[in-house]
Every structure is written in structure tokens, then in C-alpha cells.
Amino acid sequence: MAGTLSKEQRQKRIQDIIARDSVSTQGELVKRLQAEGIRVTQATVSRDINELRLVRLPVGKGRHRYALAQTAGHVGAQEELARLFQNFVHDIDRGENMLVIRTTDGHATGVALVLDRVRRDDIIGTLAGEDTIFVVARTTADAENIMEEFHAMMLG
């Protein structure tokens with residue numbers, strides 16, 4: 001498999017690599033793909049990671065690895081969300097019906113993914129970057145309630 005692959009082929013290779021090996025950074029993933037003869041840039045790998053909804057899981061001693069997000073039911077997602085908030089969320093702020101959640105670097109996407117899985121009627125949607133999640137609540141009152149709930153989860 002050398003050269004330029006289709007997006008689907010490249011993403012399948014990424015899934016195979018992270019299932020087989022512990023990969024902790026985008027740069028490391030780029031090197032693994034290039035070692036297989038696949039021409040790819042870090043920007044492309046970054047987009048692939050987002051599209052594949054990969055999450056960074058802690059593996060101890062401050063290290064992380066990419067993994068496919070596990071599908072979970074509402075109850076499992078709620079428990080996972082509480083765990084993620086305790087471990088990775090360090091600030092929550094609100095303006096009207098919008099919340100901004102600050103996480104440890106590299107964890108916003110994973111937290112937002114689990115938050116999306118909870119499928120709450122009071123949340124219209126989320127948008128995540130490297131360390132920030134933007135949450136749009138249905139109403140200002142919903143945002144106030146969500147913020148209180150999230151603060152409680154964050155504090156344990």
C-alpha cells in the first residue's frame with residue numbers, strides 16, 4: 001500500500017494502526033503511515049482523527065493513546081461523562097444560552113463526543129477544539145441548569 005490512498009483507505013489504515021499499536025500523537029501517527037509508504041500530512045491526519053471521532057485515552061504516567069470511541073448507551077455515557085469531567089474539565093463559563101468548557105489539552109473532543117452521546121434535549125449541539133468545548137443550550141434557563149450540573153460533575 002504505497003502512495004496516496006483514498007480517504008476511506010487511509011482512515012481504515014489509521015483505525016488498524018491505533019487498534020494494533022499505542023499511538024499518542026498526530027505526529028506519531030503521520031510517521032507510522034509514512035513508514036508504510038503512505039503520503040500524508042499532519043493536517044490530513046488531524047481531519048481524519050476528527051472524522052473518525054477518535055478519542056485520547058489516558059494510559060498512565062501522563063501518557064495517552066488514540067482509540068476508537070466506544071458506543072455506549074445513555075446511562076453508560078452519563079457515567080463516562082462524569083468521569084471525564086472529574087479528570088479533564090477545569091473550567092466552565094456561561095453567557096446567555098452558551099457554555100464554554102475548558103479541558104486539559106487534547107481532551108475537548110473526547111469529552112464533547114461523550115456529551116453528544118448523552119443526547120440531551122436541553123443541548124442543541126457542541127463544537128470542540130483542542131482544549132475548549134462550545135455548548136449551545138436550548139434556552140438561557142437550560143444553560144443555567146446545565147452549568148450547575150456540569151460544575152457538580154467537575155467537582156465530583
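This is a friendly conversation about how some residues in a predicted model get their labels.

Trainee: Let's start with A143. Where is A143 found?

Mentor: A143 is found in helix α6, which covers residues 140-155.

Trainee: Why is A143 called buried?

Mentor: Buried means under 20% relative accessible area. A143 has a relative accessible area of 0%, so A143 is buried.

Trainee: Which residues is A143 in contact with, leaving aside its neighbours within four places in sequence?

Mentor: With those neighbours left aside, A143 is in contact with R94, E96, N97, M98, L99 and A137. Take N97: A143 and N97 are 46 residues apart in sequence, yet 5.1 Å apart in space, counted C-alpha to C-alpha.

Trainee: E96 is in that list. Is E96 itself buried or exposed, and why?

Mentor: The cut-off for exposed is over 50%. E96 has a relative accessible area of 55%, and therefore counts as exposed. You will find E96 in the loop between β3 (89-95) and β4.

Trainee: What is the phi of E96?

Mentor: Phi of E96 is near 55°, a positive value in a residue other than glycine. R119 is another example to look at: its phi is positive, about 50°, although R119 is not a glycine. R119 is in the loop between α5 and β5.

Trainee: What makes R119 count as exposed?

Mentor: Again, exposed means over 50%. The relative accessibility of R119 is 70%, so R119 counts as exposed.

Trainee: Now H107. Where is H107, and why is H107 called buried?

Mentor: H107 sits in the loop between β4 (98-103) and α5 (108-118). Its relative accessible area is 4%, and the limit for buried is under 20%, so H107 is buried.

Trainee: What makes the pairing of H107 and H64 a polar contact?

Mentor: A polar contact needs a pair of N or O atoms within 3.5 Å, one able to donate a hydrogen and the other to accept it. The side chains of H107 and H64 are joined by such a contact of 3.1 Å. Beyond its neighbours within four places in sequence, H107 is in contact with R56, H64, F88 and E130.

Trainee: Last one: which residues form the nonpolar patch on the surface?

Mentor: The patch is formed by M98, L127 and F134, with about 260 Å² of accessible area together.

Trainee: How do you know that L127 is exposed?

Mentor: L127 has a relative accessible area of 57%, and exposed means over 50%, so L127 is exposed. Its place is in strand β5, residues 123-128.

Key: Residues are numbered from 1 along each chain as its sequence is written. This is a predicted model: local features need pLDDT of at least 70, side-chain atom pairs count only at pLDDT 80 or more; totals for chains, interfaces and linings use all residues. Side-chain values use heavy atoms; hydrogens and water are left out. Patches are made of residues with over 30% relative accessible area and no salt bridge: like charges are joined within 9 Å, nonpolar side chains (Val, Leu, Ile, Met, Phe, Trp, Tyr) within 5 Å. Accessible areas come from the Shrake-Rupley method with a 1.4 Å probe; for residues, only the protein chains shown count as cover. A salt bridge is a side-chain nitrogen of Lys or Arg within 4 Å of a carboxyl oxygen of Asp or Glu. Helices (H or I, at least four residues) and strands (E, at least two) are DSSP runs, numbered from the N terminus. Buried means under 20% relative accessible area, exposed over 50%, partly exposed in between (1.4 Å probe, protein chains only). Contact means heavy atoms within 4.5 Å.
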